[in-house]
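User: I have a chain open here and would like to go through it with you. Can we start with the overall picture and then go into details?

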Amino acid sequence: MISLQFFDLSYNNISGSVPEDTFFLQRGLFIGNRYLCGNPFGLSPCSYNNSYTKHDSNYNSHRKRKKVVIVVVPLPISSVLLLSACAVAVWLYFQKYKQHNVKTIMTDIRNLESFICRIQRKFRFWEIKTATDDFSDAYLIEKGRYGSVYRASLSSGQVFAVKKLNMADFPLTNRRSFEYEIRTLTEVRHRNIIKLYGYCSAKGSTYLVYDYAERGSLRKMLYSEETTVELGWERRVNTVKGLAHAVSYLHHDCTPPIIHRDIAINNVLLDKEFEPRLSDFGTAKLLSSDTSNWTSVAGTHGYMAPELALTMRVTEKCDVYSYGVVALEVMMGKHPGELLFALSYSVQKHELLLKDILDQRMPPPTHHITKEVVPAVRLALLCTSTEPALRPTMSYVAQKLSARTHNQLSVPFETITLAEC
């Protein structure tokens with residue numbers, strides 16, 4: 001059953017040992033089985049001393065004591081009616097008892113401190129709380145529309161980012177964002193997409209635990225005077241390239257395709273090696289061919305495709321536009337809103353020099369890197385076309401940016417206009 005993602009065998013009076021197999025260890029929940037042992041969460045380790053044989057006999061005798069046997073023998077009608085009434089009463093009692101047990105079990109599950117699964121390792125919620133001093137502001141990384149993010153350094157030496165959402169403050173429509181993010185991140189696997197290790201819920205709040213990006217958001221790196229110099233032209237080209245591969249994966253390698261819907265510079269993180277990681281799938285929507293893709297407007301102002309604000313119809317081309325805006329912002333060192341406005345209404349491309357729109361805080365690119373800067377800007381401009389049909393697919397963009405050899409520049413870099421990109 002390769003497609004089985006999760007199964008719950010809790011409170012089923014199962015006895016014995018859980019097989020030492022990753023299928024059972026990673027996908028099953030076994031709490032509430034008193035005579036079950038093994039490595040999964042909530043179980044005691046097996047002692048292998050045949051003690052479970054004795055437990056099984058006790059368990060079977062326990063079950064026998066709970067059985068209700070009703071014997072009907074020939075008696076006067078009044079006695080038969082009395083016994084029938086007693087049988088009905090006993091049946092109703094056990095039905096009510098069963099319902100009560102189900103409610104109790106569900107309450108126990110809800111109140112149970114959920115755990116965060118990772119290969120070869122399980123974390124308890126209290127470890128996260130301890131690492132963040134019960135989510136103290138001292139460990140706060142940033143606050144966003146969908147919650148606060150904390151840095152959690154466990155005693156094992158592993159470091160994670162924990163996003164805390166207070167669901168009580170969210171309207172019902174926004175609560176779906178948490179479900180979307182979990183569903184999306186647990187299913188995708190890509191080096192340029194933030195990795196979700198697990199999730200948990202406790203005391204009205206929900207939590208996501210995912211990779212910790214040491215250098216924080218791309219916006220922080222790009223606009224900080226102390227760190228912007230670290231984003232040289234090669235790293236900027238690599239950031240644009242990695243982001244293109246991440247979006248291409250969502251659009252073309254996931255079934256059904258995933259539309260991020262909020263590709264913005266705040267939602268791109270950089271790890272220790274300056275590798276970009278696309279994050280925050282809080283507004284992601286799974287695009288299915290048999291359902292309507294009309295939805296409410298979602299995204300970050302300044303990055304949304306123009307047709308989305310008018311039609312509210314979500315397509316992959318909306319992500320393509322947002323990617324183009326981010327790519328231009330990385331290369332320009334500022335939001336490209338004014339440039340896009342100028343190109344749409346007044347100034348023609350042949351009047352603007354490429355060197356004049358690049359980040360003026362940086363020395364102009366030289367030598368081989370110029371051959372990568374030019375196609376990066378050219379593709380970004382193509383992605384931000386006001387006509388969705390004129391925008392390329394993200395697979396095309398990723399392929400072009402990853403080409404091993406780029407065409408030699410036919411004219412000096414200093415003289416290249418946007419029309420010649």
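User: How many helices and strands does the chain have?
Analyst: The secondary structure comes to 13 helices and 15 strands. Keep in mind that this is a predicted model.

User: What share of the residues is buried?
Analyst: Of the 421 residues, 42% count as buried. As for contacts with a separation of 6 or more, 59% are between residues 24 or more positions apart.

User: What is the mean pLDDT of the chain?
Analyst: The mean is 80, and 74% of the residues reach 70 or more.

User: Where is the pLDDT below 50?
Analyst: One such stretch is residues 49-57, which has seven contacts in the model beyond near neighbours in sequence. Over residues 104-113 the pLDDT also stays under 50, and there the model has 10 contacts beyond four places in sequence. Where pLDDT is low, the predicted coordinates should not be read in detail.

User: Okay, cysteines. How many disulfides are there?
Analyst: The structure holds one disulfide. Cysteine 37 is joined to cysteine 46, with an S to S distance of 1.9 Å.

User: Which hand does that disulfide have, and why?
Analyst: The disulfide is right-handed, because the torsion about the S-S bond of cysteine 37 and cysteine 46 is about 95°.

User: Are those two buried or exposed?
Analyst: Cysteine 37 and cysteine 46 are both buried.

User: And cysteine 318 and cysteine 383, buried or exposed?
Analyst: Cysteine 318 counts as buried at 5% relative accessibility. Cysteine 383 is buried too, with a relative accessible area of 0%.

User: Switching to helix packing. How do the axes of helix 7 and helix 9 cross?
Analyst: Helix 7 covers residues 233-252 and helix 9 covers residues 316-332; their axes come within 10 Å and cross at roughly 170°. The two helices are therefore roughly antiparallel to each other.

User: Which residues make the contact?
Analyst: From helix 7, they include Trp233, Val240, Leu243 and His251. Helix 9 contributes Glu316, Asp319, Tyr323 and Met331, among others. By class, the contact has 11 nonpolar, one polar and three charged residues.

User: Where does glutamate 329 sit, and is it buried or exposed?
Analyst: Glutamate 329 is in helix 9. At 1% relative accessibility, glutamate 329 counts as buried.

User: What does glutamate 329 touch?
Analyst: Not counting residues up to four places away in sequence, glutamate 329 touches Arg219, Leu222, Tyr223, Ile265, Tyr303, Lys334, His335 and Pro336.

User: What about threonine 227, where is that?
Analyst: Threonine 227 is in the loop between helix 6 (218-223) and helix 7. Its relative accessible area is 19%, so threonine 227 is buried, the cut-off being under 20%. Leaving aside neighbours within four places in sequence, threonine 227 is in contact with Lys220 and Met221.

User: Last topic, backbone. Which peptide bond is cis?
Analyst: The bond from threonine 255 to proline 256 is cis, with omega near -5°. Proline 256 lies in the loop between helix 7 and strand 12 (258-259).

User: What is the phi of asparagine 13?
Analyst: Asparagine 13 has a positive phi of about 55°, although it is not a glycine. Most residues other than glycine have a negative phi. Asparagine 13 is in the loop between strand 1 (7-8) and strand 2 (16-17), and is partly exposed with a relative accessible area of 47%.

User: And what is the phi of aspartate 133?
Analyst: Aspartate 133 has a positive phi near 50°. Aspartate 133 lies in the loop between helix 4 (125-131) and strand 7 (140-144).

How values were computed
Residues are numbered from 1 along each chain as its sequence is written. This is a predicted model: local features need pLDDT of at least 70, side-chain atom pairs count only at pLDDT 80 or more; totals for chains, interfaces and linings use all residues. Side-chain values use heavy atoms; hydrogens and water are left out. Axes are lines fitted to C-alpha atoms, for helices over the stretch in contact, and angles run from 0 to 180 degrees between N-to-C directions. Helices (H or I, at least four residues) and strands (E, at least two) are DSSP runs, numbered from the N terminus. Angles under 35 degrees count as roughly parallel, over 145 as roughly antiparallel, 65 to 115 as roughly perpendicular and the rest as oblique. Contact means heavy atoms within 4.5 Å. Ala, Val, Leu, Ile, Met, Phe, Trp, Tyr, Cys and Pro count as nonpolar, Asp, Glu, Lys and Arg as charged, and the others, Gly among them, as polar. pLDDT is the predictor's confidence in each residue, from 0 to 100. A disulfide is a pair of cysteine sulfur atoms within 2.5 Å. Buried means under 20% relative accessible area, exposed over 50%, partly exposed in between (1.4 Å probe, protein chains only).
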